[in-house]
Amino acid sequence: MSARELEPGVHRDFAKDMNYADYLCLGQVLSAQKPVSDHHDEMLFIIQHQTSELWMKLVIHELACAIECVRRDELETVFKVLARVKHIQQQLFSQWAVLETLTPSEYVQFRDKLGRASGFQSVQYRQIEFLLGNKDAASIEVHRSRPDDFAALDAVLRAPSLYDEFLRHMSRRGLPIPPERMERDWSLPYETHEGVIAALKRVYESPDEWWDVYEMAEKLVDVEQQFQLWRFRHMKTVHRIIGLKKGTGGSSGVGFLRRALDHVFFPELWDVRTEIENRA
């Protein structure tokens with residue numbers, strides 16, 4: 001096998017220039033894995049969760065952009081943003097396969113070293129849920145001892161979600177969104193409204209007339225479906241590794257994760273499917 005020679009044009013001297021590691025801050029990133037046990041598989045556990053947090057950071061970045069674009073009535077820009085979010089969600093779903101190689105007998109050897117640390121305490125996960133509309137004021141209480149995290153979550157809790165902004169957009173377009181869906185206490189959980197179902201029924205029965213609104217609705221369904229698939233695989237991975245033990249953060253574990261599967265971010269987008277008729 002012949003060696004590949006370094007091309008003459010390849011830059012070699014980085015004494016004064018930024019290189020790849022500098023740009024990506026790899027010194028910080030690759031030194032952030034600090035196992036608290038001497039078990040081989042703890043490195044997998046740490047990297048699995050750190051990479052998930054990196055992907056979630058990008059999801060938050062994209063959802064914030066999507067909300068601003070909807071406020072400016074720029075739905076076509078949002079289509080690409082939400083398509084990207086969907087692909088990120090697929091990455092998050094797929095990487096559970098790596099953690100599933102961790103067996104119960106392996107995990108139990110270092111699980112007690114985690115103390116009360118739990119994914120339930122992920123600030124970024126909670127931000128994503130709030131940005132999509134799953135508002136739960138009680139869930140941020142676990143962050144009260146960390147003022148910066150608490151303030152960040154409280155701000156997202158009290159702001160309109162992506163779905164709220166989409167309903168406002170529909171109203172600006174002339175669709176009959178009920179006024180009580182337009183201005184409300186954004187920190188409260190969203191509740192299904194028959195008036196919103198009726199407005200979406202108009203869109204779905206006349207997609208050519210409302211094409212961008214129709215496409216936006218389907219993009220939101222894509223995101224919710226991917227989120228539910230992620231939740232389901234999370235629950236099954238936890239079940240596979242710890243059985244029915246309690247979670248490290250004090251939750252019931254699998255039962256707690258299973259109940260989360262019942263939550264729907266955009267209820268009318270699912271309910272309207274039952275109501276659609278062939279107007280042709």
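## An exposed tyrosine and its patch

Tyr20 is exposed, at 63% relative accessible area (exposed is over 50%, buried under 20%, partly exposed in between, with a 1.4 Å probe and protein chains only). This is a predicted model in which local features need pLDDT of at least 70 and side-chain atom pairs count only at pLDDT 80 or more, while totals for chains, interfaces and linings use all residues. Residues are numbered from 1 along each chain as its sequence is written, and side-chain values use heavy atoms, leaving out hydrogens and water.

Tyr20 sits in helix H1 (residues 20-24); helices here are DSSP runs (H or I) of at least four residues, numbered from the N terminus.

## Salt bridges

Let's turn to the charged pairs. The whole structure has 18 salt bridges (a side-chain nitrogen of Lys or Arg within 4 Å of a carboxyl oxygen of Asp or Glu). One of them pairs Arg172 with Asp73, with the closest N and O atoms 2.7 Å apart. Arg172 belongs to helix H9 (residues 162-172) and Asp73 to the loop between H3 and H4, so this pair ties together parts 99 residues apart in sequence. Arg172 is partly exposed at 44% relative accessible area, and Asp73 is also partly exposed, at 37%.

Within helix H10 (residues 194-205), Glu205 and Lys201 are four residues apart, which means about one helical turn separates them. Their closest N and O atoms are 2.9 Å apart in a salt bridge, and Glu205 counts as buried at 16% relative accessibility. Elsewhere, salt bridges with shared partners join Glu68, Arg71, Glu165, Arg168 and Glu183 into one network.

Definitions and conventions: Helices (H or I, at least four residues) and strands (E, at least two) are DSSP runs, numbered from the N terminus.
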